[in-house]
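Please look over the sequence and the structure shown below before reading on. The report that follows takes the two chains in turn and then turns to single residues.

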Amino acid sequence: MEPKHSNPNETIESGIAYWRTYPVPPVPTVLPNHSAPARRSSILILRWSAPVLACVAVGAALLWPTNSLATGLARTLSAFDAIKFHKQHQVCTNELGQQTLMSDIWTYGADYHMRTSGASNGLPYPIAPQDLWLVHGVLTNYLPKNGYASRHRINRTGTLGFSIDFKTIIKTNGHGGVKEYDNQKWHDQSVIRFALNTGPFKDGAGVTQSVNTTLLVDAKSYLPLEVFSHFPGQGTSVIDFEYPQFDPRLIAVNVPDGVPIYDLDVQREEIKERSMTPISTAHVAGRTITLRTLVVDHSGVLAAWISGGAPRPSTARELLRVDGLTLLEPTEEPGSPTWDSSGIHGTRQRAWSTSREAPEMFRGVPLIKETQSFARDTTFPPRLTVRIPVWGNEGDKPLGWAIFKNVKPTLTGSTPELMWPMNRDIFITPPRP
Amino acid sequence: MDDLEFAERVLRGDRDANAEFVERHYATLFRYLRVLTGHDQDAEDLTLESLAKARTHLASFRGGSSLRSWVHSIAFRRFLRWRRIRKLSFRLTGRESYLPTGFADAEHGEMLRIALQQLSEGQRQAFILHEILEFDLPEIAAALKTPIGTVKSRLFHARSHLRAALTTKTEETAHGTQAFEPK
């Protein structure tokens, strides 16, 4: 557009007039003691880890490493290590044969780019398309459907960081026995077939699991071509490998212009600093409950940190509520051994043990977290009225509910990614060196 | 009633005085921080933070300057802290949505704001406080803790530099050599 003024003095005066009359938001009637951050953002780990874990990593995440690898497997691992750039294509299906996840991963040394496609069917909840990059130690997560991205620095290099990493599959499977078959044909190609059987074993919920994995490697180069895994009662995973010529564009972070990128490192520091100042307090059953932090993301995961209450009993059913938002009904009873990694029902199934989750001591303040996933209600109003269950020292029924009205939450793209990076609570005080 | 008396009323917990304290400074603080941060939400957050901070430390206001200068000097320090944290990592890349006051006016406002970023901190503060928020020279001197003569000098040089920066920008935009986008 051609500007109205070409004279810089006129531009200055016009600009001054613009800012002198720039619209101001309504003046608050009450000045808060604590102003909640109004940063916008996006979630990651839970989003992709759900389908990945559900179909592939069940075994790898819970199994134990073999003491030694068969010679053929060691040679395969060595050949794979020598290739810096490769691509993996993975398709997961459930027991009914319905596709639940499809992903491509381009790996270049310690860096990678993972593109996950939405599940076409077979899952009770939608999996959003997602791009994930780890480049020079910075993890970038882009959810095209949501229109947000987030990134943060992680102290992890050298592996994909999740269980579809080929090395992890090799090293953690086959505990129950490895068989090697040579002179095999696969798509007219000479291959060696390895059968890696693992199990039976009991997972963390006490359920007996087993994994049957077939690995096909090229007979000459020993490079892996395909990994097929069957998780009885759960589904299958097929990973195909390609070894194309390196193309840096496939690894480069590519978030479109205009997409907000949320800086989780900055948000974490802000949250930790602000959590020392109470947002609001409520008195329930003789206890003073102080709301310290309220975080919500674009995929419906809400987390609150309070002080003043007793830790949450592991067998409790009641979760925090938000006025006006519909709760998902539990599909499993507390203590159910069914493992649901979706993040939707997971918060209701923490009863693998009967102990209480101890509060995190952060700068001398014991913090208790309460979480909830609304899933279907992904649009939150800018201010929330939250009802947080208050627990006693005994029993798993709440003594009452602490109600905090009109709270402005910290908005982020991914509450788990923000608050529990690499499964570590940000309020855990690091040990002194 | 002078600023010191007013501050004492606020400190005593006078509800009307508290409300007036917010009402009196909210708009100028918001516009000040909006120009500095370039974001509505960040400006709103910083405005609230600054007002909360100012109210908390109101007892330290001695009346040596106007209350307005004092509050804005607090806001400026909050802004510096905000900028330092943001500099540590990636910047949010959210685009601004232009208001229906006219695209050309908004464009010149943004051009001026971006040109202001090229000035030294002292020149930028003096210009914003004087030209946009219409502070008088003694108030600016108090807010920036600098002599009035220095303020005058900064204002003079600020306008010269802005003129030079906007001449280049206007030419580029007018000839279509560079798409104009807010940074």
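This is a predicted model: local features need pLDDT of at least 70, side-chain atom pairs count only at pLDDT 80 or more; totals for chains, interfaces and linings use all residues.

In what follows, a residue is called buried if 20 or more other C-beta atoms lie within 10 Å of its own, exposed if 12 or fewer do, and partly exposed in between.

The buried residues of H1(A) are A:Pro8, A:Thr11, A:Ile12, A:Ser14, A:Gly15, A:Tyr18 and A:Trp19. As background to reading such a list, an α-helix has 3.6 residues a turn, so residues three or four places apart point the same way.

## The two chains in outline

Chain A contains six helices and 21 strands, whereas chain B contains eight helices and zero strands. Read from the N terminus, the elements of chain B follow the order α-α-α-α-α-α-α-α.

Of the 433 residues of chain A, 37% count as buried, and of the 183 residues of chain B, 42% count as buried. Among contacts between residues at least 6 apart in sequence, 64% of those in chain A join residues at least 24 apart, and in chain B 63% of such contacts join residues at least 24 apart.

## A three-stranded sheet in chain A

Three strands of chain A form an open sheet in the order S16-S19-S20, with antiparallel pairing. Strand S16 (321-322) and strand S20 (400-407) stand at the edges with a single partner strand each, so one side of each is left without a neighbour in the sheet. In general, strands of a sheet pair through backbone hydrogen bonds, either parallel or antiparallel.

Between S16(A) and strand S19 (residues 384-390) of chain A there are two bridges, and these strands run antiparallel. On the S19(A) side, A:Val386 is the bridge partner of A:Val322.

A:Asn406 is exposed, because 12 other C-beta atoms lie within 10 Å. For context, most residues other than glycine have a negative phi.

Strand S13 (residues 280-284) and strand S14 (residues 287-297) of chain A run antiparallel and are joined by five bridges.

Elsewhere in chain A, A:Asn212 is found in strand S9, residues 208-218. Is A:Asn212 buried, exposed or partly exposed? With 18 C-beta neighbours inside 10 Å, A:Asn212 counts as partly exposed. Leaving aside neighbours within four places in sequence, A:Asn212 is in contact with A:Asn197 and A:His230. A:Asn212 and A:Thr198 are 14 residues apart in sequence, and their C-alpha atoms are 6.3 Å apart in space.

## Helix packing in chain B

Two helix pairs of chain B are described here. Helix H1 (residues 3-11) and helix H2 (residues 15-37) of chain B pack at an angle of about 120°, with their axes 7 Å apart, and H1(B) and H2(B) are therefore oblique to each other. The crossing of H1(B) and H2(B) is left-handed. In this pair, B:Phe6, B:Arg9 and B:Val10 of H1(B) meet B:Ala17, B:Asn18 and B:Phe21 of H2(B).

The axes of helix H6 (residues 121-132) and helix H7 (residues 137-144) of chain B come within 10 Å and cross at roughly 140°, which makes H6(B) oblique to H7(B). The crossing of H6(B) and H7(B) is right-handed. From H6(B), the contact is made by B:Gly122, B:Gln125, B:Ala126, B:Leu129 and B:His130, and from H7(B) by B:Ile140, B:Ala143 and B:Leu144.

The loop between H7 and helix H8 (148-174) of chain B holds B:Lys145. Phi of B:Lys145 is near 55°, a positive value in a residue other than glycine. B:Lys145 counts as exposed because 9 other C-beta atoms lie within 10 Å.

Notes
Residues are numbered from 1 along each chain as its sequence is written. Chains are lettered from A and ligands numbered from 1 in the order in which they are written. Two strands pair if DSSP finds at least two bridges between them. Helices (H or I, at least four residues) and strands (E, at least two) are DSSP runs, numbered from the N terminus. Two residues are in contact if their C-beta atoms, placed from the backbone, lie within 7 Å. Axes are lines fitted to C-alpha atoms, for helices over the stretch in contact, and angles run from 0 to 180 degrees between N-to-C directions. Angles under 35 degrees count as roughly parallel, over 145 as roughly antiparallel, 65 to 115 as roughly perpendicular and the rest as oblique. A crossing is left-handed if the near helix is turned anticlockwise from the far one by less than a right angle, and right-handed if clockwise.
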